[in-house]
Amino acid sequence: MTGQGWWHRLDAAMVRFMAAWGIRLLRICLGVVFIWFGALKVFGHSPVVALVAAAVPWFPPETFVPFLGVWEILVGVGLLFRVALRATLFLFWMQMAGTFLVLVLRPDIAFQHGNPFLLTTEGEFVIKNLVLICAGLVVGSTVPR
């Protein structure tokens with residue numbers, strides 16, 4: 001056995017594992033995140049109530065935040081159990097688009113001193129959704145035609 005033979009076998013095993021489980025685990029984890037964040041909104045424990053209220057001031061937060069929470073739970077359940085995945089992903093894309101409203105409607109909340117390169121904590125919270133969007137693209141690529 002060569003000195004690097006074990007490394008190549010380990011590498012091949014890791015690649016097989018990632019190919020076999022990566023997308024499935026991504027879908028499951030995305031579902032768990034949506035259920036968790038949604039449940040926080042439904043049960044009144046979400047730390048983003050003020051951010052949501054600022055992003056959509058035309059809806060009363062006491063009704064809109066729980067509604068959004070139920071929406072997110074539906075997305076999460078759909079992702080977790082592959083229920084109506086096309087409809088689930090449509091709801092996912094609508095919710096993701098909505099999260100970026102704060103960047104457009106309330107840049108004062110998202111950016112320090114109006115500088116789009118200097119994010120606030122709220123801005124970071126919104127921008128991290130780019131990763132969720134990419135995860136949604138990967139999961140969406142698995143929907144049968």
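Predicted model: local features only at pLDDT ≥ 70, side-chain atom pairs only at ≥ 80, totals over all residues.
View 1. Arginine 106 is partly exposed, at 28% relative accessible area. Its partner is aspartate 108, with the closest N and O atoms 2.8 Å apart. Aspartate 108 is exposed, because its relative accessible area of 52% falls in the class over 50%. This pair belongs to a total of two salt bridges in the structure.

**View 2. The salt bridge between glutamate 72 and lysine 41.** The N to O distance here is 3.0 Å. Glutamate 72 sits in helix H3 and lysine 41 in helix H1, so the contact ties together parts 31 residues apart in sequence. Glutamate 72 is buried, with 3% relative accessible area. Lysine 41 is buried too, at 6%.

**View 3. The largest pocket.** Its space comes to about 510 Å³. The lining has 28 residues, and those closest to the centre are Leu68, Glu72, Gln95, Gly98 and Thr99. Elements giving two or more residues to the lining include helix H1 (5–42), helix H3 (61–81) and helix H4 (85–99). Helices H2, H5, H7 and H8 are also among them. By type, the lining divides into 21 nonpolar, four polar and three charged residues.

**View 4. A nonpolar surface patch.** The patch covers about 920 Å². Its members are Trp6, Trp7, Leu10, Met14, Val15, Phe17, Met18, Trp21 and Leu25. Tryptophan 7 lies in helix H1. At 46% relative accessibility, tryptophan 7 counts as partly exposed.

Terms used
Residues numbered from 1 in each chain as written. Heavy atoms only, no water. 1 Å grid on protein atoms, 1.4 Å probe; cavity = no way out; pocket = protein on both sides within 12 Å on 5 of 7 lines; lining within 4 Å. Points joined across faces, edges and corners; volume = space filled by probe spheres on them. Helix = DSSP H or I, 4+ residues; strand = E, 2+ residues; numbered from the N terminus. Nonpolar A, V, L, I, M, F, W, Y, C, P; charged D, E, K, R; others polar. Patch = residues over 30% accessible without salt bridge, like charges linked within 9 Å, V, L, I, M, F, W, Y side chains within 5 Å. Areas by Shrake-Rupley, 256 points an atom, 1.4 Å probe, with all protein chains shown as cover. Salt bridge = Lys/Arg side-chain N within 4 Å of Asp/Glu carboxyl O. Buried < 20%, exposed > 50% of the residue type's maximum accessible area, 1.4 Å probe, protein only.
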